[in-house]
Amino acid sequence: MPYKNFIIIIPLLALSAIISFFSLPAALAIIVGLVLLVLSWRNVFWGVLFLSVYTPLEPFLLKFAPDEIYLYLRYGGEGFMAMLALILIGQKITNHKSQITNKSKIQNPNFQTNNSTFPRSPLDLPLLAFIVLGIISMILNYEPGVPWYVGFLGLRQVLRYVVLYYIVILAGFSRQQIIIILKVMTGLVLLEAGLGVAQAMIGERADMFFLPGKRREFPGLDLVAGVEQFWLSGQRVFATLGRYDRLGVFLSFFLLIFSGLAVSLGKLPSEHE
């Protein structure tokens, strides 16, 4: 009984300390982040599901974020994504070494291990070619006076989905989990496409609603989540992604993802295997 009381008291004390030291929006962000971290540590699937939903909605949601948590929300998703990738890579390396150690201890000539630490996917070469072409395009379209890293910032939007894709591959999700992720991403793709069509039909009012053009100034930083509208209303659409090129990359990238996962899905073991 005393042990159960400590389980309740300690989280409440930690919650009170967070609320005392931080503003309410920052405290809520920290609490949500901690809950998400615990869930992802127990099962990476929940972290991937969160990132699948949050990443395409992030530019639009940041429009309503208070200044005190804006930077954490803007870069927290990428940091969390990198953390999941590092955890999975560490697990793969550890498991591979354990297999080699166990193989050396078992005197059985028929005992085999998987020699590949990282699984391959049907999209390895297409994604590599996509990134190489992006780098070549940056070099060919370079203009004097433009910082060299601007092109990489544009490519960063694509790399986020590439990293998320390989997190799914490394996690080795079951068939049922892959189907859930596919359903969620299919819903998001249809949502973004539908919002783009609606934005083109509605025009200026939709542009003003979705355009995250508010400039945020921080010490040493001057950030804009989207772009200033230099086109006529209805000519270019961007839905919740903040830029028309991001929407185009998002839709085309996930068409490629769906093709590769559709091929891989038939090779995944079922839940009962």
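Student: What makes the second largest pocket a pocket, and which residues lie nearest its centre?

Tutor: A pocket is an open set of points on a 1 Å grid over the protein atoms alone, with protein on both sides within 12 Å along at least five of seven lines. Lining residues have an atom within 4 Å of a point. Here 21 residues qualify, and Ala29, Gly33, Tyr72, Leu73 and Gly76 lie nearest the centre. Helices H2 (24-42), H3 (44-61) and H4 (67-105) each give two or more residues to this lining. Helices are DSSP runs (H or I, at least four residues), numbered from the N terminus. This is a predicted model: local features need pLDDT of at least 70, side-chain atom pairs count only at pLDDT 80 or more, and totals for chains, interfaces and linings use all residues. Residues are numbered from 1 along each chain as its sequence is written, and side-chain values use heavy atoms, without hydrogens and water.

Student: How do the residues of that lining divide by class?

Tutor: There are 16 nonpolar, 4 polar and 1 charged. Ala, Val, Leu, Ile, Met, Phe, Trp, Tyr, Cys and Pro count as nonpolar, Asp, Glu, Lys and Arg as charged, and the others, Gly among them, as polar. The pocket's volume, the space filled by probe spheres set on the joined grid points, is about 580 Å³.

Student: Why is arginine 160 called buried?

Tutor: Buried means under 20% relative accessible area (1.4 Å probe, protein chains only). Arginine 160 has 7%, so it is buried.

Student: What makes arginine 160 and glutamate 58 a salt bridge?

Tutor: The rule asks for a side-chain nitrogen of Lys or Arg within 4 Å of a carboxyl oxygen of Asp or Glu. This pair is at 2.9 Å, N to O. Arginine 160 sits in helix H6 and glutamate 58 in helix H3, 102 residues apart. Glutamate 78 also meets arginine 160, at 3.4 Å. Glutamate 78 lies in H4, so that pair ties together parts 82 residues apart in sequence. Shared partners join Glu58, Glu78 and Arg160 into one network. The whole structure has 2 salt bridges.

Student: What makes the group around Val48 a nonpolar core?

Tutor: Such a core is a set of buried Ala, Val, Leu, Ile, Met, Phe, Trp, Tyr and Cys residues joined through side-chain atoms within 4.5 Å. The largest has 36 residues, and Val48 is one of those with the most contacts inside it. H3, H4, H6 (150-171), H7 (175-202) and H9 (244-265) each supply at least two residues. H6 gives the largest share, 9 residues. Another core, of 5 residues, lies apart and includes Phe60 and Leu211.

Student: Why does phenylalanine 60 count as buried?

Tutor: Its relative accessibility is 14%, so phenylalanine 60 falls on the buried side of the cut-off. Beyond neighbours within four places in sequence, it is in contact (heavy atoms within 4.5 Å) with Phe209, Phe210 and Thr240. Phenylalanine 60 and leucine 211 are 151 residues apart in sequence but 7.6 Å apart, C-alpha to C-alpha.

Student: What makes a cavity, and how many are there of 30 Å³ or more?

Tutor: In a cavity a 1.4 Å probe fits but cannot get out. There are 2 of 30 Å³ or more.

How values were computed:
Buried < 20%, exposed > 50% of the residue type's maximum accessible area, 1.4 Å probe, protein only.
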